[in-house]
Amino acid sequence: PKGKKITKTLNIKKRQYIIQRINDLDNNKVVPPKHFYERIKNEIEIGKRAKNIKVPIAYYKSGFMWPSAGIITGVYGSQRILNGLPRRPHFGIDLANKMGTPVLAPADGIVVLAYDNLYFAGSTIIIAHGKGLSSSLLHLSDIFVNIGQEIKKGDKVGSMGESGRATGVHLDWRMELRGIRIDPQLLVSKKDLRKNF
C-alpha cells in the first residue's frame, strides 16, 4: 500500500507425472453416451458459476487439513488411460476408504455448491475459502451442508462414496485458485493424513 516492491526469484522444477492404466471398465465409464452430453455441459457450467462466486473474506488463513482418512490412490497430474484410451490428467488427489468414511472441511469457508448426482463427479461439495481459492469434494455418498452455509475447518460436511464416474469408494479432493487448478498436497503434510481421524 505504500508503494513498496518485493521481488522474489522462484526456481521452478519440472514434475514427473505418473500414468495410471485402468482396464476392464464399463464403456459408459470411459465414453459417456451421447444423450448425456447436454447434461454434462450444463453441470460443468454449474461448477464454474459456483467457483466464480466472490468471497472476499480470507477464510484460508485458518490453514488446511486432510478432508478424510484413507489410502492415496491417485495423485494430481497423473494421466488416466481407461480401457486403453488416454484421458485428461487427474486434477485432484484420491483418498480411498470404506463407504461412509467422514469427509471434513479442509479449511474454513462458505459452501457454494452442494449438489447430488453430477454425471462425472457424483454428489459434490464446493467450498470457497476466499479470494478465489476453492476446494471441491467429489464422489460423496452423503452431503450434510447447504449452499451459503459458513463452515469451519474440520466440520463434517459429507461421507465418502462412489457416486458419479468412480471405480470404487473414494474421495477426490480438488482445488482451484482463480480458475487455475492446484495440487491440494501443496497445502498439507502427508504425515498429517491420519492425525485428525
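## Ground rules

Residues are numbered from 1 along each chain as its sequence is written, and side-chain values use heavy atoms, with hydrogens and water left out. Because the model is predicted, local features need pLDDT of at least 70 and side-chain atom pairs count only at pLDDT 80 or more, while totals for chains, interfaces and linings use all residues.

## Two pockets

Let's start with the open spaces. A pocket here is an open set of points on a 1 Å grid over the protein atoms alone, where a 1.4 Å probe fits and protein lies on both sides within 12 Å along at least five of seven lines; lining residues have an atom within 4 Å of a point. Points are joined across faces, edges and corners, and a volume is the space filled by probe spheres set on them.

The largest pocket holds about 1,300 Å³ of space. Its lining has 45 residues, and the closest to the centre are Phe-120, Ala-121, Leu-138, Asp-172 and Arg-174. Helix α2 (residues 37-51) gives the most to this lining, with seven residues; helices (H or I, at least four residues) and strands (E, at least two) are DSSP runs, numbered from the N terminus. By class, the lining has 17 nonpolar, 14 polar and 14 charged residues. Nonpolar covers Ala, Val, Leu, Ile, Met, Phe, Trp, Tyr, Cys and Pro, charged covers Asp, Glu, Lys and Arg, and the others, Gly among them, are polar.

The second largest pocket has a volume of about 210 Å³. Of its 16 lining residues, Lys-51, Ile-53, Lys-54, Lys-131 and Gly-132 are the closest to its centre.

The structure holds four aromatic pairs. Rings of Phe, Tyr and Trp (its six-membered ring) pair if their centres lie within 6.5 Å; planes under 30 degrees apart are stacked, over 60 edge-to-face and the rest tilted. Phe-36 and Tyr-119 form a tilted pair, because their ring centres are 4.8 Å apart and their planes stand at 40 degrees. This pair joins distant parts of the chain, 83 residues apart: Phe-36 sits in the loop between α1 (27-30) and α2, and Tyr-119 in the loop between β7 (109-118) and β8.

Tyr-119 also pairs edge-to-face with Phe-120, at 5.1 Å centre to centre and 90 degrees between the planes. Buried means under 20% relative accessible area, exposed over 50%, and partly exposed in between (1.4 Å probe, protein chains only). Tyr-119 is buried at 13%, whereas Phe-36 is partly exposed at 24% and Phe-120 is partly exposed at 32%.

## The two sides of α2

In α2, the buried residues include Ile-40, Glu-43, Ile-46, Gly-47 and Ala-50. They cover an arc of only 115 degrees around the axis, so they lie on the same side of α2; the arc is that of the directions from the helix axis to the C-beta atoms. The face turned away from this buried side carries the exposed residues Lys-41 and Arg-49.

## Two positive phi angles

Most residues other than glycine have a negative phi. Asn-117, in strand β7, has a positive phi near 65 degrees and is partly exposed at 47% relative accessibility. Arg-178 has a positive phi of about 50 degrees; it lies in the loop between β12 (170-177) and β13 (180-182) and is exposed, with a relative accessible area of 62%.
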